[in-house]
Amino acid sequence: MRVLVTGSAGFIGAALTERLLARGDQVHGIDNHNDYYDPSLKEARLARFAEHPNYTHLRGDLADAEVVNQVFHDFRPQRVVNLAAQAGVRYSLKNPHAYVQSNLVGFVNILEACRHHKVEHLVYASSSSVYGANRKLPFAVEDAVDHPVSLYAASKKANELMAHTYSHLYDLPTTGLRFFTVYGPWGRPDMSPILFADRIVRGEPLDVFNHGNHSRDFTYVDDIVEGVIRTLDHVAQPDPAYDATLPNPGTSSVPYRLYNIGNDQPVPLLHFIELMERNLGRTVEKRLLPMQPGDVPDTWADVSALRRDVGYAPNTSIEEGVAKFVAWYRQYHRLA
């Protein structure tokens with residue numbers, strides 16, 4: 001297939017692109033290579049497949065409708081995976097306009113291009129952050145998500161609503177994936193695994209918020225990519241059992257689906273830190289601090305719908321995943 005991947009120099013986007021190329025797809029990537037975090041990491045990810053004969057790369061911004069339309073016109077993608085976004089909960093408190101441009105303007109440009117070019121299936125990244133102030137665990141796609149606690153979360157909820165509109169008006173098959181705390185080699189340096197690893201290696205104290213009472217549904221990147229590919233290959237269809245008098249937020253009478261994609265096994269944050277210390281060979285002080293604005297205490301993905309529909313089965317234990325992440329971290333940073 002011809003697959004367009006946005007955010008192809010990003011953490012998940014690069015891992016997905018490698019897998020698509022390995023199975024024989026033609027891939028066109030778009031990434032704006034912004035400096036939200038060190039662009040050299042994006043360049044290093046891209047270098048793993050940039051010369052592949054079935055890969056084409058464009059440094060461009062989804063907020064530029066002309067750039068997006070040109071790519072669709074030239075490449076004629078059959079399917080699209082939209083992973084490009086301004087990420088980060090805490091950064092959204094400081095720079096809200098970046099989220100409007102990337103996550104809202106950029107996404108509507110993708111929707112419009114998919115509509116006009118008759119794309120077979122659009123799979124796009126949502127986030128576990130949409131569950132916001134919800135406290136019922138595990139989080140299920142059937143739950144209402146009307147109380148976001150960050151602008152990032154609100155932008156992802158908006159993406160889900162926008163996608164449904166296009167599925168309804170233009171019969172565009174769309175599937176949203178709510179990612180739960182993805183980690184692994186080549187991860188983002190603004191996320192806890194690399195932040196923790198950096199401090200542990202330097203012997204510096206760790207800031208642990210919510211007084212160490214957080215738990216997260218950490219999901220290894222290879223499991224995530226497997227789920228994305230299975231979803232991409234399973235084109236969204238109208239739900240024949242959909243009842244408009246008892247609406248299910250995860251399905252619709254139009255070709256629209258929402259899924260959680262996680263490990264279905266929440267891990268206490270302090271246990272995750274303990275595994276990091278064990279693999280890095282040293283322990284450090286933990287400074288237990290109050291919860292930060294925009295954070296949620298716990299996440300836990302109910303992935304039963306994704307298991308049922310595409311056979312999704314994450315199988316990387318937290319122990320195995322952290323060991324693989326630390327091995328990559330040591331190699332990337334040339335540590336003994």
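Student: What makes Arg19, Glu226 and Arg230 a network?

Tutor: In this predicted model, Arg19, Glu226 and Arg230 are linked by salt bridges. By the rule of a side-chain nitrogen of Lys or Arg within 4 Å of a carboxyl oxygen of Asp or Glu, the count comes to 19 salt bridges.

Student: Why is the contact of Asp25 with Arg23 called a salt bridge?

Tutor: The closest N and O atoms of Asp25 and Arg23 are 2.7 Å apart, and the cut-off is 4 Å, so the pair qualifies.

Student: How do you know whether Asp25 is buried or exposed?

Tutor: Buried means under 20% relative accessible area. Asp25 has 5%, so Asp25 is buried. Arg23, with 37%, is partly exposed.

Student: What makes Arg59 and Glu43 a salt bridge?

Tutor: Their side chains meet at 2.8 Å, N to O, which is within 4 Å. This pair links distant parts of the chain, with Arg59 in strand β3 and Glu43 in helix α2, 16 residues apart.

Student: Why does Arg59 count as exposed?

Tutor: Exposed means over 50%, and Arg59 has 51% relative accessibility, so the label holds. Glu43, at 32%, counts as partly exposed.

Student: And how do you know that Glu277 forms a salt bridge with Lys286?

Tutor: Their closest N and O atoms are 2.5 Å apart, and the limit is 4 Å. Glu277 is buried because its relative accessible area is 8%, under the 20% cut-off, while Lys286, with 30%, is partly exposed.

Definitions and conventions: Residues numbered from 1 in each chain as written. Predicted model: local features only at pLDDT ≥ 70, side-chain atom pairs only at ≥ 80, totals over all residues. Heavy atoms only, no water. Buried < 20%, exposed > 50% of the residue type's maximum accessible area, 1.4 Å probe, protein only. Helix = DSSP H or I, 4+ residues; strand = E, 2+ residues; numbered from the N terminus.
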